[in-house]
Amino acid sequence: MSELLQEISAQLQAGKAPKVKELVQQAVEEGLSPQTILEEGLLAGMNIIGAKFKNNEVFVPEVLVAARAMNRGIEVLRPLLADAGVEEKGTVILGTVKGDLHDIGKNLVRMMMEGKGLKVVDLGVDVPASAFVDAAREHNARIVGCSALLASTMNEMKSVVEAVRSSDISDKVKIMVGGAPVTEAFAASIGADCYTADATSAAAAAVDFCA
Ligand code: B1M
């Protein structure tokens with residue numbers, strides 16, 4: 001891995017948001033691909049923080065500043081990963097489910113979907129099931145996408161599936177789920193239409209649904 005990517009990872013772990021932004025910009029100018037910067041710089045750093053968090057070597061405040069630094073880096077990459085001027089292929093309602101405040105993975109899913117020419121209405125975090133349905137109806141969406149990072153909140157996805165299925169838009173909308181604790185088997189058990197493990201495959205699946 002290049003020294004610059006290692007430095008991005010290190011500065012992210014230290015929570016130095018302006019420095020991460022500057023280094024990501026530098027990496028872009030040096031010709032590194034946005035995908036490489038994302039995976040080998042930003043996500044590599046966040047994975048290390050995640051492992052330390054699990055082992056009680058760092059705590060919520062450190063994780064929070066690292067997450068902010070990650071988001072600042074992603075902001076630089078967003079327009080590069082998005083294909084400017086691509087005709088919109090369909091609308092996706094995206095959000096992190098009720099009770100869950102994790103948004104880094106969701107933001108990546110959004111970025112990749114926008115990069116594939118989908119319009120994404122991002123409802124943010126802590127989104128109740130009814131808000132997914134209301135937004136899907138309002139925006140005439142083809143897809144509702146739910147993200148969850150906590151074992152305790154992934155069950156909220158079942159509420160979203162039930163809310164969509166019992167609504168008037170049931171047969172217009174596909175439900176996609178994802179996030180670290182979510183599995184294919186869980187998705188099937190709650191009646192979701194699709195589970196994907198990462199942002200890139202989520203975007204590809206969403207495009208297929210809209211085709
Ligand atoms: Co939290 N947290 N956290 N946290 N946090 C985890 C998830 C945890 C695994 C850490 C651990 O203990 N090892 C653990 C959950 C354990 C569990 O339930 N199994 C945990 C916990 C316990 C908590 C708190 C309860 C801690 C506390 O307060 N004591 C608390 C909960 C707050 C709440 O939500 N109500 C909490 C808080 C936080 C912070 C606020 C400090 C911060 C979030 C900041 C933010 O998001 N803005 C945070 C973070 C950063 C993490 C870790 C370290 C990193 C998560 C992350 O962003 N990963 C995480 C540990 C870990 O995962 N190693 C942890 C990077 C991201 C790119 O990956 O989100 O998995 P991910 O997204 C991937 C895929 O999952 C997929 O695509 C993405 C990219 O490829 N994907 C989808 C995601 N959504 C998708 C949707 C799709 C398809 C694919 O379709 C629609």
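I began with helix H9, residues 199–210, in this predicted model. H9 lies across E3, E4 and E5 and runs at about 175° to E4.

I then looked up the sheet under that helix. I found an open sheet of five strands, ordered E2-E1-E3-E4-E5, with parallel pairing. The edges are strand E2 (119–122) and strand E5 (194–195); each has a single partner strand, so one side of each is left without a neighbour in the sheet.

I checked helix H6 (residues 129–139) next. H6 packs on the sheet and touches E1, E2 and strand E3 (143–147). I noted an angle of about 160° between the direction of H6 and that of E1.

Strand E4 (residues 174–178) pairs with E5 in the parallel sense, over two bridges. Which residue of E5 stands opposite methionine 176? I read off cysteine 194.

**Cobalt**

Which protein residue gives a donor to the cobalt atom of the ligand? I found a single donor from the protein, NE2 of His102, 2.2 Å away. I placed histidine 102 in the loop between strand E1 (91–96) and helix H5 (104–115).

**Ligand surroundings**

How many residues surround the ligand? I recorded 34, the closest being Leu101, His102, Asp103, Ser147 and Ala151.

For glycine 99, a backbone N or O atom lies 3.0 Å from a nitrogen atom of the ligand. For leucine 101, a polar backbone atom is 2.6 Å from an oxygen atom of the ligand. For alanine 151, I noted 2.8 Å between a backbone N or O atom and an oxygen atom of the ligand.

**Threonine 153**

I located threonine 153 in the loop between E3 and helix H7 (156–165).

I then listed what threonine 153 touches, leaving out residues up to four places away in sequence: Val97, Lys98, Gly99, Asp100 and Ala148. With one of these, aspartate 100, threonine 153 makes a polar contact between side chains, at 2.7 Å. Another residue on that list, Gly99, is the glycine with a backbone atom 3.0 Å from a ligand nitrogen.

Terms used
Residues are numbered from 1 along each chain as its sequence is written. This is a predicted model: local features need pLDDT of at least 70, side-chain atom pairs count only at pLDDT 80 or more; totals for chains, interfaces and linings use all residues. Side-chain values use heavy atoms; hydrogens and water are left out. Donors are N, O and S atoms within 2.8 Å of the metal (3.2 Å for Na, K and Ca); water is not among the atoms, so sites may look incomplete. Helices (H or I, at least four residues) and strands (E, at least two) are DSSP runs, numbered from the N terminus. Two strands pair if DSSP finds at least two bridges between them. Contact means heavy atoms within 4.5 Å. Axes are lines fitted to C-alpha atoms, for helices over the stretch in contact, and angles run from 0 to 180 degrees between N-to-C directions. A polar contact is a pair of N or O atoms within 3.5 Å; within protein, one must be able to donate a hydrogen and the other to accept it, and residues adjacent in sequence count only if both atoms are side-chain atoms. A residue is near a molecule or strand if one of its heavy atoms lies within 4 Å of it.
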